[in-house]
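Look at the structure below, then read the points in order.

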Amino acid sequence: MNTEHSFIDADVLIIGGGSAGAMAAIRAKEVNPDQKVVVFEKGQMKYSGCIARGMDAMNIVAIPDIATAELYVESNSIACEGIMDEPVNYKMAERSYEMMKKLESWDVCFPKDDNGDYEVLKIHPKGRFCVTMKEPELKAILANKALDLGVLVMNRTMAVRLLKDGERISGAIGMNVRTGEMLVCRAKSVILSSGGTARFGLPDNGHLYGVYDFPGNTGDGYCLAYRAGAELSGFEYTLVYYITKDINAPLLYITLTRGATLLNAFDERRDQDHPNPAKMLLEHMDGKGPIRIRMDHLPEEKIKEIEEILFTTERPACERFHAGRDNDFRTGEIEMWPTEVYLCGGHGLTGVRVNENAETNVPGLYAAGDTSLVARGHLSGALVIGEVAAESASEYAAGNGEVTLDDDQVESFKRELETRLAQKNNPIAIEEFEFKVRRMISDYLKPPKNEYKLDRALWWMDRFRKELKTMVRVANVHDLFKCFEVENIIQSATMCAIASKERKESRWSPWHYRTDYPEKNDAEWKKHIVLTCGSVPEDVKVSYKPIIKMEGRV
Amino acid sequence: MGVSNMLESLSDNIVVDSDKCIFCGNCVDKCILDNLRMKLASCRQACPLELNCQGYVQLIARGEEAKAMEVVRERLPFPGVLGRICSQPCEDGCGHQDTDGEAVSIRALKRYLDDQFKDQEPPRPEMKADSGKRIAIVGSGPAGLIAAYDLAIQGHQVTVFDRESAPGGMLRWSIPSFRLPQDVVERELKLLQRMGIAFKCGIAIGEDMTMDELHADFDAVLIATGLWGCLKLGIDGEEREGVLHGLPFLKAVRDNAAPAVGTKVVVIGGGNVAVDVAQTAYRLGAESVQLVCLEHRDEMPAFDKAIFEALSENVELVGSWGNPRLEFDQKKLTGAHFEACTSVFDGDGCFNPSFDTSKNRFFEADTIIIAIGQKMDDILCTSSRFDQSSLTRVNAVTLQTSVEKIFAAGDFVSGPSSVVSAMAAGKEAAESINRYLNGVPMAYGRSYPGVTEFEVDRSFGSADRRLNLPHYQFKGKGDFSEIEAGVTREVARKEANRCHSCGLPFGQYRTCWFCLPCEVECPTEALWVDIPYLLR
């Protein structure tokens with residue numbers, strides 16, 4: 001295999017071309033058309049990331065006269081049970097309406113009623129922020145805009161290491177997932193927007209890629225940041241959602257807001273008292289599930305509306321799934337079930353710590369989207385913080401001079417590559433290995449948790465880290481890049497176990513629910529548990545950071 | 001084939017209708033989770049230009065000639081040229097070679113498509129906005145022409161220089177018009193002119209302009225000058241009357257200035273030029289033409305098809321003779337003495353003929369035409385700071401020379417080759433130049449080969465015999481009519497139906513997330529994503 005590498009220079013390097021990355025790329029070119037913006041995208045940018053096609057809503061928009069950024073901060077803080085830094089959330093909410101209008105100017109469809117009003121739903125504890133979107137081509141619109149502006153997209157390129165020039169980020173090493181070629185990018189600033197660890201626990205359906213969120217998200221951004229010295233937090237927020245059984249596709253609010261009813265296994269209604277995934281999950285864990293959605297009482301036009309949104313935007317494959325089970329919403333039900341456990345900044349509180357300028361604690365390094373910790377930022381967070389990251393990164397790139405690449409760092413990685421490629425005669429296929437890693441993650445990290453289980457998780461992850469080298473076969477480039485992905489999954493699991501162990505309380509029930517510490521303890525634990533890298537990646541250092549309030553708020 | 005890992009037991013949820021699929025690979029290109037791969041038909045594996053042969057052959061079989069032509073034109077703006085003179089590696093690679101030995105006539109089918117649409121102006125390809133970048137291409141032969149086309153599509157301003165009075169390189173000035181009629185070349189060149197590519201003919205770089213000037217005035221330079229020098233034997237009498245050389249001979253014929261040939265012609269050489277010369281000699285009035293070469297017939301570098309055609313025109317092939325000594329009777333050439341050649345290549349496989357000097361033969365001739373090979377002529381870098389031989393050495397992947405903005409492709413780099421290989425090189429050079437001008441790493445992620453090892457299903461396709469290529473038997477002196485004719489619709493579709501259609505996209509890695517861009521991007525709605533069985 002060719003160990004010669006290719007080289008590219010950038011002012012702003014964006015790792016991950018999903019919603020956040022695409023928006024960051026666009027913004028970087030808007031603020032400075034002359035700067036060189038490069039995207040490393042593991043798949044193909046036109047359709048990559050969680051929003052492969054479109055979305056049915058922009059979950060957080062503070063529309064004037066309907067809601068304010070202050071209300072959002074208050075509301076989300078309740079949802080996060082206080083573990084939320086306010087300034088970055090405020091900024092996100094403050095710019096959310098502007099972002100929506102920007103998308104509209106790009107012909108993204110936000111349906112209006114006869115009065116010319118948007119459809120705004122209440123999904124947060126306080127306030128209506130969720131604006132219905134009906135745009136099946138959202139991702140393509142974003143990707144094409146970035147390309148039109150002259151962004152250089154390197155598809156099929158997975159970032160495997162960040163490079164540093166002293167304390168400052170100096171770029172990244174990318175690897176082509178189809179050819180194994182290396183691409184070294186010297187960059188004055190780097191934005192991490194490669195999603196969370198969606199491919200984490202093993203889903204009940206047994207399909208490695210049958211997860212709820214985008215399966216290409218294997219914690220790459222978290223691990224890149226971690227190894228580069230960034231602070232990470234929220235790894236104890238082990239998310240389990242509650243959505244359509246087996247196919248793991250979402251559909252709650254679209255149906256409930258149009259009058260669908262929710263029933264548990266005993267036909268008891270659950271749609272009245274503000275249903276949400278957490279409540280439904282608890283009921284299921286109590287043995288009263290599955291919860292089902294029933295729509296047979298709805299008028300034809302409502303059902304058609306629901307079908308139109310569900311079958312065209314976020315996961316259009318739903319249509320054939322239901323058809324395959326002879327499930328017509330007019331007569332049948334939709335069965336829901338817990339998803340696999342996963343880590344995410346968009347739905348949860350996991351990620352690389354950023355301030356309101358999307359800055360991490362590492363000079364030159366920024367984060368946005370599910371990789372960053374904004375706190376349940378969803379798509380709005382990805383788009384707005386993506387823009388903010390681009391603005392900050394561009395400013396930094398312009399004002400901090402050149403960076404120098406350290407050839408030793410590149411050579412060191414090449415040696416690592418060679419070692420992996422020498423694993424061609426090992427006995428275990430990477431798929432088999434991944435299956436086992438993720439099964440153990442499900443066994444031990446899926447809530448409810450206790451210290452015994454968390455320690456077992458750590459034991460297994462240590463073992464897997466070794467077996468990745470000694471047992472797993474790397475017969476071709478496909479195996480090789482999967483190894484890097486699973487390495488990141490293992491690292492995410494280690495960090496998750498350590499953070500979960502550290503937080504000796506229960507919070508965000510049922511997600512971080514510990515049977516050995518079943519009560520919430522604000523006095524001791526209303527703070528962030530922060531992880532940083534020790535001398536080697538397996539040496540995870542724990543510290544704390546206080547919750548940051550807006551100035552003047554207590 | 002046993003199960004190699006648990007994945008092999010999982011079903012592939014991607015359903016492809018092979019009667020609708022045109023094997024374009026859009027789905028593979030867009031699959032985000034790296035699942036889809038293309039089982040690449042063996043014809044495509046063999047084509048240097050990576051044409052989607054399976055695609056256009058199957059479309060002809062389905063009666064969709066217009067779509068078939070679109071498929072060809074995605075990579076090749078010269079179907080008329082290659083449909084006639086391509087060395088057809090695709091047919092050598094056709095799966096039929098392993099069974100009945102009768103390849104699908106892929107080349108003739110390409111020519112058939114050209115015939116169907118030759119009276120319509122081909123659509124101008126979609127071209128990007130002006131990049132402001134200027135590219136000089138030296139040489140308007142196959143490599144230079146296709147590079148010009150591809151670079152113009154990328155929005156660059158392309159100027160093609162050629163020292164001859166009209167563009168085309170060997171297509172226009174060497175290959176005989178009975179193989180490649182001039183009007184076909186001119187017709188296909190028109191598209192390039194419509195695209196705004198500038199042709200500056202009658203300008204020889206190294207004489208009328210220098211490489212230094214090109215280097216200074218343009219953002220990138222592509223050298224695609226081919227090989228126009230002819231190798232000489234270096235024997236006594238080689239410059240005397242009655243003794244000619246292959247390339248200048250063919251060029252003179254194409255320039256309407258054919259030299260006189262006598263009645264008894266001996267052509268020395270075993271390559272394509274020699275064969276072209278031999279057939280041309282008959283058309284200039286020779287009564288007998290002998291082709292004398294070092295090699296046995298099987299060793300001759302000329303294309304099999306050309307040799308076959310020459311034989312059918314009564315060219316006498318006399319192999320295994322060399323080391324000629326010309327004989328003159330005063331001013332007149334009377335013939336040449338040859339020695340028996342016992343072997344052409346030595347133990348290391350190098351060209352190193354050995355002779356049995358005790359075995360001699362005299363060949364009577366009043367005209368001898370020497371066509372023993374091509375070489376570089378060396379005017380290109382005259383009066384410039386560049387060194388020609390160093391410019392022939394290029395990076396194997398990018399075709400960039402040691403001078404940053406100079407690239408080189410075709411016979412200039414590779415030595416004598418084929419038109420399709422020259423075009424393939426021209427295409428690669430254009431890709432490199434475009435990347436170079438856009439600041440994209442040149443070598444990175446250049447190509448993703450499809451799956452080349454797979455079980456071939458031969459149940460599809462008819463068991464008919466291969467078509468008979470319609471041949472035109474020339475009538476004698478002055479008859480330069482095209483010797484191969486096109487086929488009818490009926491014959492073409494029947495031939496296309498012999499194709500096994502062996503390639504197909506499939507979900508190789510079972511990593512489908514059913515996000516559906518593959519379906520969205522499929523131009524023929526041939527692909528359907530079922531929910532993976534485990535989730536269904």
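Chain A and chain B bury about 3900 Å² between them, and carbon and sulfur atoms give 63% of that area. Tyr47(A), Arg178(A) and Arg320(A) supply 20% of the area that chain A buries against chain B, more than any other three residues. The model is a predicted one.

**The interface**

- On the two sides, 53 residues of chain A are in contact with 42 residues of chain B.
- Three salt bridges are counted between chain A and chain B.
- A salt bridge joins the side chains of Lys46(A) and Glu521(B), at 2.8 Å from N to O.
- Across the interface, 20 residue pairs are in polar contact.
- Several elements of chain A give two or more residues to the side that touches chain B, including strand 1 (5–15), helix 10 (318–324) and helix 15 (477–502).
- That side of chain A has 23 nonpolar, 15 polar and 15 charged residues.

**Aromatic pairs**

- Over all chains, the structure has 22 aromatic pairs.
- Tyr212(A) and Tyr342(A) form an edge-to-face pair, 5.7 Å centre to centre with 65 degrees between the planes.
- These two residues are 130 apart in the chain, and both are buried.
- Phe178(B) and Phe480(B) form a tilted pair, 6.3 Å centre to centre with 40 degrees between the planes.
- Phe178(B) and Phe480(B) lie in two separate loops of chain B, so their pair ties together parts that are 302 residues apart in sequence.
- Phe178(B) is buried at 0% relative accessible area, whereas Phe480(B) is partly exposed at 25%.
- Ring pairs also link Tyr212(A), Tyr237(A), Tyr241(A), Tyr342(A), Trp508(A) and Trp511(A) into a cluster.

Key. Residues are numbered from 1 along each chain as its sequence is written. Chains are lettered from A and ligands numbered from 1 in the order in which they are written. This is a predicted model: local features need pLDDT of at least 70, side-chain atom pairs count only at pLDDT 80 or more; totals for chains, interfaces and linings use all residues. Side-chain values use heavy atoms; hydrogens and water are left out. Contact means heavy atoms within 4.5 Å. Buried area is the accessible area (1.4 Å probe) that two parts lose on being put together, summed over both. A salt bridge is a side-chain nitrogen of Lys or Arg within 4 Å of a carboxyl oxygen of Asp or Glu. A polar contact is a pair of N or O atoms within 3.5 Å; within protein, one must be able to donate a hydrogen and the other to accept it, and residues adjacent in sequence count only if both atoms are side-chain atoms. Helices (H or I, at least four residues) and strands (E, at least two) are DSSP runs, numbered from the N terminus. Ala, Val, Leu, Ile, Met, Phe, Trp, Tyr, Cys and Pro count as nonpolar, Asp, Glu, Lys and Arg as charged, and the others, Gly among them, as polar. Rings of Phe, Tyr and Trp (its six-membered ring) pair if their centres lie within 6.5 Å; planes under 30 degrees apart count as stacked, over 60 as edge-to-face and the rest as tilted. Buried means under 20% relative accessible area, exposed over 50%, partly exposed in between (1.4 Å probe, protein chains only).
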